[in-house]
Amino acid sequence: MLLKQDASIEKLNGRYFTPNLISDFVTEWVLAQEGEIKNILEPSVGEGVFLSSAIKFDKVSESNIIAVEIDEDTSKEASAKNDFIHFPDWKSFGDLTDNIEPKRVVVNDDFYYAYKNGLDKLKFQGILGNPPYIRYQYLTEEQRAEQSEILINNSMKPNKLINAWVSFTVACISCMDDSSRIGIVIPAELLQVKYSQDLRRYLVRELNRCTIVTFENLVFDDIEQEVVLLLGEKIAGDQQNLIKIVPFNNAESLDVNILEEIEFIGADLGSSKWTKFFLDNSQIDILKKIKSSNKFLKFSQIAKCEVGITTGNNKYFCLDDETVKKYNLEKYCRPLIARSVNINGVQFLPEDWNENILKGARTYLLDLSPFESRDFNDGLNKYIKLGEENKHNTSYKTRIREEWYKVPSVWSPDIFFLRRNYQFPKVMLNTSEVDAVSTDTMHRVRLKNPQHKKRLIVAYYTTVGLLFSELEGRSYGGGVLEILPSEVSNIQLPNIFENDILSEEEVDKLFDKIDNHIRINGNDNIEMLLDMVDSEVLINKLKISKEEVTNMREAWHTLKNRRLGRGRNNLD
């Protein structure tokens with residue numbers, strides 16, 4: 001691995017060892033298949049817990065078990081612990097048809113190398129393991145090339161966001177026999193992040209049955225990484241591609257028999273995220289109905305969402321009132337909404353900005369893009385000099401600028417969309433009286449028709465808007481919902497963007513009620529607000545049945561409560 005001074009050995013090599021309860025559960029499921037298991041693969045042995053689990057079962061007494069581990073000491077320990085033959089590298093392993101019967105070997109080599117040099121020609125009936133979690137930047141150039149080759153050869157697109165566990169998973173699945181099972185531990189990013197989208201499609205194409213086991217609590221000690229268990233099956237002659245998600249509280253509650261209690265449902269290649277599979281079939285049917293109905297529109301059909309301003313150093317460029325006055329910077333600053341604590345309602349009014357000024361918040365952005373250096377006053381020159389003395393001009397994002405103190409891409413949006421949220425996403429109208437800007441804690445939204453600002457706010461604060469935010473976003477640490485601009489673009493909204501559906505007067509009234517409710521209640525009593533807006537917009541205007549709206553609300557509760565509950569549980 002490519003060593004970095006600021007990264008731990010575990011981080012660089014992706015070595016987070018699997019609890020025995022998980023390895024036993026995965027192994028039991030993989031070995032429970034009906035056919036003969038001639039060959040078993042463990043692609044990243046670690047301390048050998050999956051090998052220890054496998055050899056407990058009589059069914060593998062005649063099976064070949066081939067394991068690969070890149071770390072020399074670890075590979076020796078795993079082979080000795082499980083009474084396996086140790087090979088110092090893949091070349092020394094030699095001809096795979098030698099006289100070792102059955103083959104019980106641990107090979108000390110890079111899995112990518114083994115895969116390219118003979119492993120990919122074998123067919124395994126059982127594959128077990130916990131692929132390494134290695135970020136792209138920690139791979140060697142050779143490993144990056146090998147990873148890209150694996151993905152391209154399996155009709156996937158490589159990029160610099162893809163983690164090693166993705167290519168490991170793809171390589172393993174490509175080694176599966178026509179009738180076989182794979183059970184591996186991988187990050188929960190599989191379910192929702194964009195760089196896993198190609199992998200999700202690949203799994204649907206290649207596996208006839210795909211079971212995802214999730215956990216309410218973190219199951220790796222001292223590691224803030226949510227994982228899932230991918231249990232995949234190939235069935236010779238079967239043309240179906242089915243999927244299901246099975247939740248467990250923790251590793252202690254794992255039970256193979258419970259897997260059968262949840263039915264499979266049809267998987268589709270067009271499904272961008274798998275978060276929806278936490279819902280029941282009737283709720284998934286409603287999602288499909290919404291997407292195909294002209295009563296709803298994608299956010300991107302109404303507006304464009306982009307990231308907020310990247311200053312390169314918020315502490316320097318985002319100023320409080322005291323600093324602005326001290327250096328006489330008033331004419332060089334723009335009103336700023338920089339943090340979620342600045343959000344009171346669903347519109348940013350002058351009184352909101354003034355309140356933040358009085359609180360001592362950083363309510364100004366230093367925007368020098370309209371000015372030449374000859375326009376700078378003495379105070380500004382002193383402030384720039386102070387920045388250079390403190391080396392604010394040497395960070396990557398400031399030093400690549402022609403003039404380090406000029407923040408690029410400063411413009412005022414129609415609407416702000418908070419990037420990270422807890423109870424529910426915050427969306428706020430940028431009033432012309434303030435004309436504020438935002439840092440990248442908020443996304444900037446431009447409407448195709450600026451007259452639709454209030455309509456977008458009203459459309460968003462419905463059960464549909466919040467449900468699709470949960471579906472499109474991803475769970476961040478502590479149960480926080482993070483949603484990126486590309487994900488905002490996919491949120492479905494009720495189509496109320498014509499006057500014959502809602503008059504301007506009706507929109508104004510609903511907007512004022514929403515703003516007033518959130519100003520008074522904050523994150524509390526959102527159900528009361530949704531009841532009011534849903535009744536007026538979804539039921540009365542769009543003629544969506546109360547039963548369907550109730551089902552949508554329950555789906556939102558399912559996704560939101562799972563996210564929040566996981567965050568609370570992980571703090572305990």
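**A helix pair and its surroundings**

Modeller: Gladly! Trp165, Val166, Thr169, Val170, Ile173 and Ser174 in α8 meet Leu199, Tyr202, Leu203 and Glu206 in α9, where contact means heavy atoms within 4.5 Å. Sorted by class, the residues of this contact are seven nonpolar, two polar and one charged. Here Ala, Val, Leu, Ile, Met, Phe, Trp, Tyr, Cys and Pro count as nonpolar, Asp, Glu, Lys and Arg as charged, and the others, Gly among them, as polar.

A word on the ground rules. This is a predicted model, in which local features need pLDDT of at least 70 and side-chain atom pairs count only at pLDDT 80 or more, while totals for chains, interfaces and linings use all residues. Residues are numbered from 1 along each chain as its sequence is written, and side-chain values use heavy atoms, with hydrogens and water left out. Helices (H or I, at least four residues) and strands (E, at least two) are DSSP runs, numbered from the N terminus.

Now the geometry of that pair. Helix α8 covers residues 164-174 and helix α9 residues 197-206; they pack at an angle of about 10°, with their axes 11 Å apart. The axes are lines fitted to C-alpha atoms, for helices over the stretch in contact, and angles run from 0 to 180 degrees between N-to-C directions. The two helices are therefore roughly parallel to each other, a label for angles under 35 degrees. The crossing of α8 past α9 is left-handed, that is, the near helix is turned anticlockwise from the far one by less than a right angle.

A nonpolar core is a set of buried Ala, Val, Leu, Ile, Met, Phe, Trp, Tyr and Cys residues joined through side-chain atoms within 4.5 Å; buried means under 20% relative accessible area, exposed over 50%, and partly exposed in between, with a 1.4 Å probe and protein chains only. In soluble globular proteins, nonpolar side chains tend to be buried together. Leucine 456 is in contact with Phe299, Ile302, Ala303, Ile415, Val427, Leu447, Leu493 and Phe497, leaving aside neighbours within four places in sequence.

Helix α20 (residues 504-521) and helix α21 (residues 526-541) pack at an angle of about 165°, with axes 10 Å apart. They are therefore roughly antiparallel, the label for angles over 145 degrees, and α20 passes α21 in a left-handed crossing. On the α20 side the contact uses Glu506, Leu510, Lys513, Ile514, His517 and Ile518, and on the α21 side Ile526, Met528, Leu529, Met532, Val533, Glu536, Val537 and Lys541. By class, these residues are nine nonpolar, one polar and four charged.

Helix α21 also packs with α18, at an angle of about 115° and with axes 9 Å apart. Thr463, Val464 and Leu466 of α18 meet Ile526, Leu530, Asp534 and Leu538 of α21, giving five nonpolar, one polar and one charged residues. Helix α18 (residues 463-472) is mostly covered, with 10 of its 10 residues buried; among them are Gly465, Phe468, Ser469, Glu470 and Glu472.

Finally, some loops. Aspartate 83, in the loop between α4 (72-82) and β3 (85-87), has a positive phi of about 60° although it is not a glycine; it is exposed, with a relative accessible area of 71%. Asparagine 328, in the loop between α13 (321-326) and β14 (333-337), has a positive phi of about 55° and is not a glycine either; its relative accessible area of 45% makes it partly exposed. Aspartate 255 sits in the loop between β9 (242-248) and β10 (265-266) and is partly exposed at 30%. Not counting residues up to four places away in sequence, aspartate 255 touches Phe25 and Phe248.

Key: Parallel < 35°, antiparallel > 145°, perpendicular 65-115°, else oblique.
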